[in-house]
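Here is a short briefing to keep beside the viewer.

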Amino acid sequence: MDSFVYIPITALCCYAFLLLAFMAAKKSKLINSFLLFLSAIILWTGGSLCMRMQLWPSLDFWYNVSVLGLTLMPFAFFIFVIEFIGLKDRFFKLGYLLIIFLVNIINVLTGFFLNAPEVITGTDGKVSFVYDIAWPVIILFVVCVAITFHSLYLLYKYSKTNEVAKKQFMPIVFGVFILVVGHLALFVPFFKGFPTDILSGVCFAFCLFYALYRRRLFKLTLLVSRGSCYGIAAALSLVLFSNFISLVQAFIDTNLSNFKEHSVLIIAVLFALATFVIYQGMKQFIDKVFTKEEIHQAENLKEFSITVSKSLNVNEILEELVDVIQKTITVKKIYICIRNEKKDSFFMVHSTSPLDKKFFCIQEDNPIVTWLSNNEGCLLMKDFKRTVAYKSMWEEEKKQFADLKIECFVSLKDAAELVGIVLLSEKEKYSGFTYDDINFLGSVESIGSIAVKNSRLYEKAYLEARTDELTGLLNRKYFYETIQNEYEKNKGQSLALIILNIDDFKLYNQLYGNKEGDIALQMIAKIIQASVGSNGYVARYSGKEFAIILPLYDLLGAKNLAETMRLQISDMNKRATEYSFKTLTLSGGICAIPYAASSVKELIDNADRAIYYVKRNGKNAIMTYSERDQNLAEGNVTAETLKQKEDVYSDYEKTIYALTAAIDTKDHYTFDHSNNVAYYAVELAYAFGMNKETAEIIREAALLHDVGKIGIPEQILNKPGKLTPEEYEVMKGHVENSIDIIRHLPSLDYVIPAVIGHHERYDGLGYPRRIEKQDIPISARILCIVDAFDAMVSERSYKEAYSVNHALKIIEEESGLQFDPELAHVFVKSIKNGLIKIKRTTRKVS
């Protein structure tokens with residue numbers, strides 16, 4: 001047979017292509033081990049080629065280079081295998097390297113294992129190489145085979161613990177088989193002189209390359225770099241010109257004799273042009289076949305990342321995730337399952353089509369869930385089917401996945417916790433998932449997991465910010481936001497509010513302890529929430545108060561619902577003997593827009609006021625409120641509360657007059673002024689259309705509004721001239737002093753809103769809180785007008801009394817500034833019509 005030089009040339013070009021390509025890839029220990037193997041096989045093939053071409057320096061030299069590469073191949077393969085399976089074995093590494101070094105030294109010096117081939121020139125001038133194979137070659141063969149079989153044993157041992165890796169190892173095993181067959185063929189007379197060993201080496205190298213690709217350790221598109229293209233283009237140009245250079249030279253000599261002297265330059269230019277054309281052609285091909293798809297994926301990933309980074313809504317993120325996978329990979333169906341609150345299963349919540357039935361469920365103990373929880377990356381169904389875990393699945397579970405034609409699973413994780421699973425069906429063209437697809441899905445998984453994690457953190461923070469920690473109901477802050485939203489949404493329609501206050505809850509805590517009190521609050525919250533259901537919103541309004549917002553409810557419907565809840569809570573612990581000392585009851589106030597309020601603030605204030613009525617009428621009742629119906633309050637009190645005496649406030653009269661008497665001992669003017677203000681305030685309340693109970697609260701607040709002046713020094717109270725800024729600040733402190741006194745009298749705490757706000761101005765420039773307009777309680781707005789009027793028409797230590805007309809004129813001028821314009825108009829009109837009589841206080845000087 002001939003020398004078959006073209007076989008090692010072809011093999012060498014293939015190895016050079018792989019070497020150049022992997023030099024451009026991202027380096028790792030496994031990639032470096034493959035480069036080592038390529039280097040060994042290039043030494044073997046290159047040495048064989050140079051030997052067959054009988055190049056300088058000698059045939060023996062290139063033969064020994066070839067043997068060195070041949071013996072290094074099993075060692076490089078061993079290094080490749082231990083890196084492939086992640087094993088650390090320095091002992092065998094050093095041992096095998098030493099053995100190979102000794103074998104090559106002995107063979108170079110003595111030719112003991114295998115002598116260089118004999119060169120035979122035939123009658124036709126063809127050269128062939130014949131090996132004289134003796135028995136010592138068996139030693140060389142045994143060494144190489146032993147190292148190779150040790151590598152295969154390690155692969156087999158690893159595959160027993162990782163069944164998914166079995167399929168990844170098959171190309172390597174197949175490559176080893178071809179390599180062994182190729183070397184054994186050298187002993188067959190029919191192949192005498194034919195380089196079957198080199199041909200099998202090419203197959204083995206590409207089997208290792210395919211194994212790496214199946215392991216998804218690199219991207220094919222990244223392997224072909226610009227340098228690789230230049231190298232391959234130059235090699236192809238060299239091959240072409242080595243065959244056609246004589247033809248080009250003859251063409252120049254015959255047809256371009258004038259340029260004969262420049263033939264070398266012309267050939268060099270043509271070589272460069274050919275290299276450039278080949279390079280451009282390769283680059284265009286790679287861009288169209290590989291890079292275009294890569295750019296498309298990168299753009300989709302970038303768009304997906306930007307979109308989900310702007311959203312904290314889980315549903316929006318899942319929609320974007322499905323959309324980006326659908327656009328890029330074009331699978332037929334995508335399903336997303338999210339872990340439920342109990343964390344015992346994953347339910348389907350989203351799919352590519354809204355018509356898909358959301359019946360699918362994956363249990364927590366499913367082997368697929370276990371695999372995705374413990375591993376990173378995607379799971380292909382075809383790989384998973386080869387595992388023992390798949391065989392342990394129930395047939396019903398296997399059928400579910402088969403019916404949906406699921407081919408791939410992608411995990412969504414919040415830190416280490418698996419929170420969702422993306423299930424992908426087969427692709428549109430029935431093609432398998434490529435490395436690029438898996439790599440893309442890995443990027444989507446990372447971005448999607450981060451987005452889901454952020455959205456879960458946001459939802460958790462949002463939930464904690466809007467709910468009460470103990471009861472799980474809306475908190476006070478979110479209650480105000482919700483009621484305002486419902487008011488805007490239901491304008492022109494009814495909106496009812498129920499406020500339920502637990503009676504004597506402090507006593508309950510003292511008797512049974514705070515822990516039992518917390519349990520009682522949780523039980524009450526459950527009863528209220530269950531009663532309201534989806535008809536409204538329930539909030540923990542304060543420590544012992546609950547508020548229920550009922551859109552589209554009228555007063556009667558709200559009252560019936562509140563009565564039902566009150567009765568359930570009354571029976572809650574009535575039968576338990578351990579609670580015999582104190583059972584819980586509720587006092588409730590109800591108001592509704594537009595029946596008894598025109599704004600959210602009025603709605604809340606009136607419901608609060610209705611509770612005061614109930615509390616002072618014996619508790620454990622529900623009352624609706626209507627500010628302009630004098631009889632509605634009494635008509636809605638239960639029969640139990642009607643047994644109370646006619647004057648419901650007589651129990652507090654002694655306390656109030658004791659405090660006003662204390663004022664009289666300090667300043668007789670303040671005592672008379674408080675009585676006058678009480679008279680004007682009650683008359684204005686009636687003139688404005690308020691009921692008896694509201695007017696009585698305002699009267700009591702008027703009597704106590706200046707009780708804090710007990711703490712003001714007499715020289716400031718009775719100073720004849722204008723107060724200094726410092727003295728004025730001390731005088732302003734009488735409001736806080738009044739509150740400090742009243743707050744120690746729980747039976748009178750209902751007057752605090754009026755007392756604390758009677759020096760606030762309608763324009764927000766008053767004190768102490770600088771609130772304005774409707775934020776000022778209406779009772780305080782009434783006191784503000786009548787307090788100022790009595791001060792103007794009375795003689796003070798620093799001024800003479802104003803005439804009534806002058807005082808009324810000032811009130812009219814300050815309407816909308818200091819005073820509520822509507823109340824100011826009613827007051828002025830009532831004075832002028834004689835409905836409110838004038839009371840004067842004259843300052844007595846001793």
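Glu426 touches Val331, Lys332, Lys405 and Glu407, leaving aside residues up to four places away in sequence. In this predicted model, Glu426 sits in the loop between strand E8 (417-425) and helix H16 (435-466). Its relative accessible area is 15%, so Glu426 falls under the 20% limit and counts as buried.

- Glu426 and Lys405 are 21 residues apart in sequence, while their C-alpha atoms are 6.3 Å apart in space.
- Asp787 is the other one to look up, and helix H30 is where you will find it.
- Is Asp787 buried or exposed? Asp787 is buried, because its relative accessibility of 11% is under 20%.
- The contacts of Asp787, not counting residues up to four places away in sequence, are His673, Val677, His705, Asp706, His758 and His759.
- Ser674 lies 113 residues from Asp787 in sequence, and the C-alpha to C-alpha distance between Ser674 and Asp787 is 8.4 Å.

**Helix H30 against helix H31**

- Helix H30 (residues 778-793), which holds Asp787, packs with helix H31 (residues 804-813) at an angle of about 145°.
- The axes of H30 and H31 are 9 Å apart, and the crossing of H30 past H31 is right-handed.
- On the H30 side the contact involves Ile785, Phe789, Met792 and Val793, which meet Val804, Ala807, Leu808, Ile810 and Ile811 of H31.
- By residue class, this contact of H30 with H31 has nine nonpolar residues, no polar ones and no charged ones.

**The six-stranded sheet**

- Six strands make up an open sheet with antiparallel pairing, in the order E5-E4-E3-E8-E7-E6.
- At its edges are E5 and strand E6 (379-380), each pairing on one side only.
- Strand E3 (residues 334-339) and E4 are antiparallel partners over five bridges, and Cys337 has Met348 in E4 as its bridge partner.
- E3 and E4 also form a hairpin with five residues between them, and Lys343 in that turn has a positive phi of about 60°.
- How many of the seven residues of strand E4 (residues 345-351) are buried? Five of the seven are buried, making E4 mostly covered.
- E4 is joined to strand E5 (residues 361-363) by three bridges, and the two run antiparallel.
- Within that pairing, Phe346 is bridged to Ile362 in E5, and Phe347 is bridged to Cys361 in E5.

- A five-stranded open sheet has mixed pairing and the order E10-E11-E9-E12-E13.
- E10 pairs with strand E11 (residues 545-551) in the antiparallel sense over five bridges, and Arg540 has Phe546 in E11 as its bridge partner.
- Helix H17 (residues 476-489) lies across strand E9 (495-502), E10, E11 and strand E12 (586-593), and runs at about 135° to E10.
- Helix H20 (residues 555-570) packs on the sheet too, touching E9, E11, E12 and E13, with its direction at about 165° to that of E12.

**Cysteines**

- With a disulfide taken as two cysteine sulfur atoms within 2.5 Å, the count of disulfides is zero.
- Cys378 is in no disulfide, and its nearest cysteine sulfur, that of Cys408, is 4.7 Å away.
- Cys378 has a relative accessible area of 12%, which is under 20%, so Cys378 is buried.
- Cys50 is also buried, at 15% relative accessibility.

**The chain as a whole**

- The chain has 32 helices and 13 strands.
- Of its 846 residues, 48% are buried.
- Among contacts in the chain with a separation of 6 or more, 67% are between residues 24 or more positions apart.

Note on methods. Residues numbered from 1 in each chain as written. Predicted model: local features only at pLDDT ≥ 70, side-chain atom pairs only at ≥ 80, totals over all residues. Heavy atoms only, no water. Buried < 20%, exposed > 50% of the residue type's maximum accessible area, 1.4 Å probe, protein only. Axes fitted to C-alpha atoms, helices over the stretch in contact; angles between N-to-C directions. Helix = DSSP H or I, 4+ residues; strand = E, 2+ residues; numbered from the N terminus. Left-handed = near helix turned anticlockwise from the far one by under 90°. Contact = heavy atoms within 4.5 Å. Nonpolar A, V, L, I, M, F, W, Y, C, P; charged D, E, K, R; others polar. Pairing = 2+ DSSP bridges.
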